[in-house]
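Trainee: Please take me through one part of this model closely. Then show me how the rest is held together.

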Amino acid sequence: MGQNGIEPLSTANLLGIEFIEIVAPSLDSVTPLLNQLGFTLSAKHRRKDVFLFRQNQLKIIINCSQDPALQAYVADMGIALFALAFKCDDASAAHAELIKRGAWDSSNHSGPMEVNIPGIESVGGTLIYLVDQVRDDLSVYDIDFKKIAATENAHVSHTLDHYEEFTVQVDPDRAATWVTFFERLFGFQAVDSQCLQLPGQHSARLRFVEMAATQHDNEFFSNVTFKAGEHHPALQQTLASDDRAFAIEVV
């Protein structure tokens, strides 16, 4: 039984992170860094400026679409993490259970012949998507995306193993609220007073850091950390926007 007598979403239903979504003003603004990390552009959305980068089982969606809400987010935040997607045994059932527990629906209602991805609102207006695991060798990428012929990536041998940690800047008065949100809804477990981890091998951590008084009121993801393979060099790249910075690190 979870905190406050509420059983968290079954961890058997959550099978790890399927992808992360980063919003950016243009594809060129992030491609060099992703190539340096060993990611390769592999597909483009059939009707939007949304791109899929892959490295082994790791997937990053880069969203450069002209959607007004996303453009406003980029104008305010710059390059930023906008969504986490959890792989599920049954995404629809998991979504229905989360809504029942008080989560705010923020599903992706796509166009004709596209997959509708259930989702909820998360920190600072970011999203958490729920994606069914691949069945019968058919995934959302096969339906919504068109493959791009792979180009040789000189950094492809620099293999990243998994997502290690996501750092979230939160209002000091709301840190405990967000910790409770992820504990009660998803079954994250406390590592320490400011850090949570989803049970299971190679499960990423969420670290909550209180925002400085000089920062804007918006809460946001400020850092993504990858765990590298044994021979991958450490790397840190910071993408700054005014007084905010979104950092990608390899450890």
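Mentor: We start with the whole chain, go to one helix, and end with the salt bridges.

This is a predicted model: local features need pLDDT of at least 70, side-chain atom pairs count only at pLDDT 80 or more, and totals for chains, interfaces and linings use all residues. Residues are numbered from 1 along each chain as its sequence is written, and side-chain values use heavy atoms, with hydrogens and water left out.

First, the overview. The protein chain has five helices and 15 strands. Helices (H or I, at least four residues) and strands (E, at least two) are DSSP runs, numbered from the N terminus. The chain has 251 residues, and 49% of them count as buried. Buried means under 20% relative accessible area, exposed over 50%, and partly exposed in between (1.4 Å probe, protein chains only).

Now the close look: helix H3, residues 91–100. Ala91, Ala94, His95 and Leu98 are buried here. Looking down the axis of H3, these buried residues fall within an arc of 100°, so they line one face of the helix. The arc is that of the directions from the helix axis to the C-beta atoms. Why can one face form at all? An α-helix has 3.6 residues a turn, so residues three or four places apart point the same way. On the other side of H3, Ser92 and Lys100 are exposed.

What does the buried face meet? The buried residues of H3 pack against strands S5 (80–88), S6 (119–121) and S7 (127–132), and against helix H5 (175–186). Contact means heavy atoms within 4.5 Å.

Next, the ends. Asp90 caps the N-terminal end of H3. One of its side-chain oxygens lies 3.3 Å from the backbone nitrogen of Ser92. A polar contact is a pair of N or O atoms within 3.5 Å; within protein, one must be able to donate a hydrogen and the other to accept it, and residues adjacent in sequence count only if both atoms are side-chain atoms. After H3 comes Gly102, with a positive phi near 110°.

Glu97 and Arg101 meet in a salt bridge, 2.6 Å from N to O. A salt bridge is a side-chain nitrogen of Lys or Arg within 4 Å of a carboxyl oxygen of Asp or Glu. Glu97 is partly exposed at 23% relative accessibility. Arg101 is partly exposed at 25%.

Now step back from H3. The whole structure has ten salt bridges. One of them joins Glu18 and Lys59, with the closest N and O atoms 3.5 Å apart. Glu18 is in strand S1 (residues 14–23) and Lys59 in strand S4 (residues 58–63), so the pair ties together parts 41 residues apart in sequence. Both Glu18 and Lys59 are buried.

Another salt bridge joins Arg205 and Glu164 (3.5 Å, N to O). Arg205 is in strand S12 (residues 205–210) and Glu164 in strand S9 (residues 160–170), so this pair also ties together parts 41 residues apart in sequence. Arg205 is partly exposed at 21%, while Glu164 is buried at 18%. Both belong to a salt-bridge network that also links Glu165, Asp192 and Arg207.

Strand S9 also holds Thr167, which is buried at 12% relative accessible area. Leaving out residues up to four places away in sequence, Thr167 touches Arg207, Val209, Phe220, Phe221, Ser222 and Asn223.
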